[in-house]
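Hello! Here is the structure I promised to pass on to you. Have a look at it first, and then read my notes below.

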Amino acid sequence: MRRTWRWILGALVVIVLLAVLVLWLLLRGSLAELDGERPLPGLAGKVTVERDALGVVTITAGNKADALRALGRIHAQERYFEMDLMRRSAAGELSALFGAKAIEADKRMRVHRLRARTEAHLQDALGSDPAAVRAYVDGVNQGLGSLAVRPWAYLLLRQAPQPWQASDSVLAGLAMYADLQDPGNPSELALQRIRAVVPPALYALLAHDGSEWDAPLAGTPRGNAALPDASQLDLRTLKASTGAAAEDAEDADAVGSNNFAVAGALTADGRAIVADDMHLGLRAPSLWFRVRLRYPDPQAAGGQVDVSGFSLPGVPAVIVGSNGHVAWGFTNSYIDTADFRSEPAGATVTVHEERIVVAGGTDVQFPVRETAWGPILHTHADGSGDALRWVAQLPGAVRMDFADMARAADLHQALQIADHAGIPAQNLVVGDRSGRIAWRLIGARPDRGPGCAPLGFNENQGNQGCAPWPIRSDAAPSLIDPPSHRLWTANSRVVDEATLATVGNGGYDLGARGRQIRDLLATQERFDEHDLLAIQLDERAVFLQRWWVLLQEVIEHSDDPALKRLGAASAHWEGRAAINSTSYRAVREFRTQVLDTLTDALLAPARAQLGEDFLAPRLAQLEGVAWPMLEQRPANLLPPAYTSWDALLADAARRTEAELSTQGPLAHRSWGERNTAAICHPVARALPAFASRWLCMPADPLPGDRDMPRVQTPTFGASQRMVVSPGHEADGIVHMPGGQSGHPLSPYWGAGHEDWVHGRPTPFLPGKAQHTMTLVPVH
């Protein structure tokens, strides 16, 4: 019997080992090819593909089409699953991969019918060089087909990848629209509904669009709100309905991205330097893919393109980078790119029957009701509806012509290309080899006609007198060669009052981060690349300084033991979002508690009036209302649940202490404990914890936060950092939060992540080749 059991146990061990071996071989079968000579049909000549120690790719080709065909092949082998997610997320087709749990997410995007719209206007979207785009698409499919095994994530999902199409590259661009501009436009609709049911003075507070922290490039700061007196607004007399504030609402609403530049007048040798760090949701692998493209081009300066930077797998272009003549980067502009219009019950409606394919389930028929204005997102009991017109729905929202930045010879040419850019509305900052710098609002924006204006500038908030508007990207606001020789943007208001009335406020961020960058740029008269990197990594809590003072005052005037414990933990103010700081964590939590209380009180009257129709707006500028309230402490604006402002602040401090104490001794509640990286592959959440950790970057404590240049939460932050001077790329610096490859067995899975965490400079240009592959034509 004992021998039998030993034999059975041995057999089981062999079976397990064989299963592990098979799994390992399957996983390795989808690793990208790195070396040797490989055939690539469609090439006109040989193409060399080199990878350095971080997996950064250099492609050297004989022409643009060959370079992009090779880029498509590389993107597919390293990132096909992630490319697939982008096109599917934009088109509302995730259910075909993930099953029924993705249906609601698909409906939120399918209502815009972006695939159908893309196919209808595909030729325009492909831009002036459609052959180059199609070469990229062919390269993608050839790269996917060359893998011995389909990408590993499809094995896990028991799905097969579908071929790439030219329309999918457009959809990848539209996925960025969905990421940067909320496709449901809920905050605008929320404010429209609130305006109809609350006193004008209350609406003015909720819609106040600035603060003393504003730091625009043009015009003056909006300043804090002027508080109404009791004759205009008294919260104690209004019918109110309370609602719990969303947990971690600040993190959910986190916005980021900084770009700034200094002109040649501020550098030792006349170089312009551009810094760019685009903050987005973080995942493994990184969103971006570092690449250098080199090929002859008669339309480029000197007849040669040599461009390095960040590409977006799925799109045949370097999105952000430098070509030796110009360097450029983006931040999200947050202009108003979508408008609701109320459609009466009898409005003319076209119904499109959209079929949502569901893996492992029954397909879902999803009728999309659409008027001349746009799809109806909300239908009311009386048959009327709210139709949304959004720039991403319209022809020209994506055009591949922005790839021409690779050949721009100077600032003038770069701005000409920007004027025809089919990308989401962005703040472009560009510098050229001669030392000049410029800012321009680029990308698709509404061309609103008579009777139509952005929210807050339109007396007819229902847009009833507004004709359906087209989009445009030319004749955009600019600031060229600023007298200060400095530029900065950080998702906050950039433009003056007159321009704002045209482009609108799409939810731009509090100006604290932009002001901190502006002030740091003003402290020096000479800069190099490391100086600008230091600004990107600035974690000083300038914005929270006064909140720390306020918290200490609250504690000082209280005998509550809980507050005394909080005082001991927060007494030493480091003044930065450092990983070992307990005071920063306590002050940040205190501010959140106070703002949640004020937000609930200000929204309670609208919630009571609207009931189920209530939507909570994003109050990005609430600091400009809350701080005057705390300074002036007017009785008419005191939340009714409290007898005094002192009581409100003491209660917020007690809740802060209770929240932190539930996790252990206050002295150990560091910011790094709260702000710990959770950067994982999209499929990690579907796996057990012991397995999912292999698909995540290390759980490092992270410095930084939202209202400072070093924007950082566990899942949101710098998707890249770049500091570069055109013509001096060898001195440039980059960071990425994850590696080049989407394969966890690849040596490039997490390569470079530690430099991103610790802020160690990584060279902008690729290093010495570690792997070389030659792609050859097939005759």
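C452 and C466 both sit in the loop between β18 (445–446) and β19 (471–472), 14 residues apart. Their sulfurs are 2.1 Å from each other.

Before going on, please note that this is a predicted model, where local features need pLDDT of at least 70, side-chain atom pairs count only at pLDDT 80 or more, and totals for chains, interfaces and linings use all residues. Residues are numbered from 1 along each chain as its sequence is written, and side-chain values use heavy atoms, with hydrogens and water left out.

C452 is buried at 10% relative accessible area; buried means under 20%, exposed over 50%, and partly exposed in between (1.4 Å probe, protein chains only). C466 is buried too, at 3%.

By the sulfur rule there are 2 disulfides. The other joins C680 to C696, S to S 2.0 Å, and this link is right-handed, with 105 degrees about the S-S bond. C680 is partly exposed at 25%, whereas C696 is buried at 19%.

**A strand to look at**

Strand β7 (residues 289–296) has 6 of its 8 residues buried, so it is largely enclosed by the rest of the structure. Strands here are DSSP E runs of at least two residues, numbered from the N terminus, and two of them pair if DSSP finds at least two bridges between them. β7 pairs with β3 (residues 57–60) in the parallel sense over 4 bridges, and with β8 (residues 304–311) in the antiparallel sense over 8 bridges.

Enjoy exploring!

Note on methods. A disulfide is a pair of cysteine sulfur atoms within 2.5 Å.
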